[in-house]
Amino acid sequence: MTEIDWRRIPSLSSLRAFEATARLGSFTAAGVALNVTHAAITQQVRALEKELGLTLLQREGRGMGLTEAGRQLAASLSDGFSTIADGIERLRGTPASRGLRVTCTPALSYAFIIPRLGQFWDAHPDIPVSLTPSGSVDDLKRQHFDLGIRTGKGDWPGLDVEYLWTTRVILVASPILINKHGGNMNDLPLSIMPWIKSRTQYNDDDLCRECGLEPGLLPAIYIEGQAESVQAVMRGVGLTFVSEIAVSDDLASGALVRLPYELSQKFTYYAATPKGVERNSTRVFIDWLKTLAPSAT
């Protein structure tokens, strides 16, 4: 263990005040989080800047922004305080007072995870769960997430990764659209029907070719975000490619119909966690997620 010269380390209270301000974006929010006054937070941060001889925060319009030095220090403090919190929780051997923080895509959150959360709470009423739908790849440790549910190759640096499920990409339409174009899902005029496509979610052009279609000739609108695309499909706006697991309930209810095309693309979902000590509640939640796999097929 590296020896620490504590005489060169600023006071813990000033470091806590700055970390909270950087994370929450204002002195007022930091004061609320730490249960002290706005003035006390301001004083602590200014004292820290004076001790370091650096400007850490600067005004940006009506808000507060970090300087380059501030960003570096905020990142180090976030990592350090997270490690301390994880270590203390491990020693206590009890769930942390805060809830389990989970992030995944909006489509998976709204259509698959949230409708099943009641099952988890029935079995584990002592584990509160905070689910954050996000279309971006969040920095789990820096944003204090315990778990991210992600698709891809599972090779993300700085994360421990565990396999959850594999699901197909399928072509779906609503009964409204199918009936509008003859009602026979086995004989739909796909080349003239409206399509909802994405420039980022899938390789839509290759999937269209697998259906025997020339992608450049299809009437299409582009909607970025699987959850938004699915909502448009359900209203009869068009048809689209989607991860089967994210629409499993809609298929079961008849709100969406899977069209009879076998596509080669699949999605693999992983549970990604920050490297380090794993919370007991995280392990319980991951094990529960794995029990949902049969519903994905």
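**Labels and the numbers behind them**

Author: Let's start with charge: the mean positions of the 30 positive and 32 negative charges of the protein chain are 5 Å apart. Lys and Arg count as positive, Asp and Glu as negative, while His and the chain ends are not counted. Each charge is placed at NZ of Lys, CZ of Arg, CG of Asp or CD of Glu.

Before we go on, this is a predicted model, where local features need pLDDT of at least 70, side-chain atom pairs count only at pLDDT 80 or more, and totals for chains, interfaces and linings use all residues. Residues are numbered from 1 along each chain as its sequence is written, and side-chain values use heavy atoms, with hydrogens and water left out.

Reader: What makes something a helix or a strand, and how many are in the protein chain?

Author: They are DSSP runs, numbered from the N terminus: a helix is H or I over at least four residues, a strand is E over at least two. On that basis the protein chain has eleven helices and eleven strands.

Reader: How does the radius of gyration of the protein chain compare with that of a compact globule?

Author: The protein chain has 24 Å, but a compact globule of 297 residues would have one near 19 Å. The radius is taken over C-alpha atoms, and the globule rule is 2.2 Å times the number of residues to the power 0.38. Along its principal axes, the C-alpha trace spans about 80 × 45 × 35 Å.

Reader: Why is Leu12 called exposed?

Author: Exposed means over 50% relative accessible area, buried means under 20%, and partly exposed is in between (1.4 Å probe, protein chains only). Leu12 has 53%, so it counts as exposed. Leu12 lies in helix H1, and that helix has buried residues too, among them Leu15, Phe18 and Thr21.

Reader: And what makes Asn35 exposed?

Author: Its relative accessibility is 70%, so Asn35 is exposed. Asn35 lies in the loop between helix H2 (27-34) and helix H3 (38-52). Asn35 also has a positive phi of about 60°, although it is not a glycine.

Reader: Now the other label. Why is Thr273 called buried?

Author: Thr273 has 9% relative accessibility, so it counts as buried. You'll find Thr273 in strand S11 (residues 266-274). Over the whole protein chain, buried residues make up 41% of the 297 residues.

Reader: What is Thr273 in contact with, leaving aside its neighbours within four places in sequence?

Author: Contact means heavy atoms within 4.5 Å. For Thr273 that gives Leu140, Asp146, Leu147, Leu159, Asp160, Thr282 and Ile286.

Reader: Leu159 is on that list. Is Leu159 buried or exposed?

Author: Leu159 has a relative accessible area of 13%, so it is buried. Leu159 lies in strand S6. Leu159 and Thr273 are 114 residues apart in sequence, with C-alpha atoms 5.5 Å apart in space. Leaving aside neighbours within four places, the contacts of Leu159 include Leu140, Arg150 and Ala272.

Reader: How many of the contacts join residues at least 24 apart?

Author: Among contacts between residues at least 6 apart in sequence, 74% do.

Reader: What makes Ser82 buried?

Author: Ser82 has 9% relative accessibility, so the label is buried. Ser82 lies in helix H4 (residues 68-92). Leaving aside its neighbours within four places in sequence, Ser82 is in contact with Lys141 and His144.
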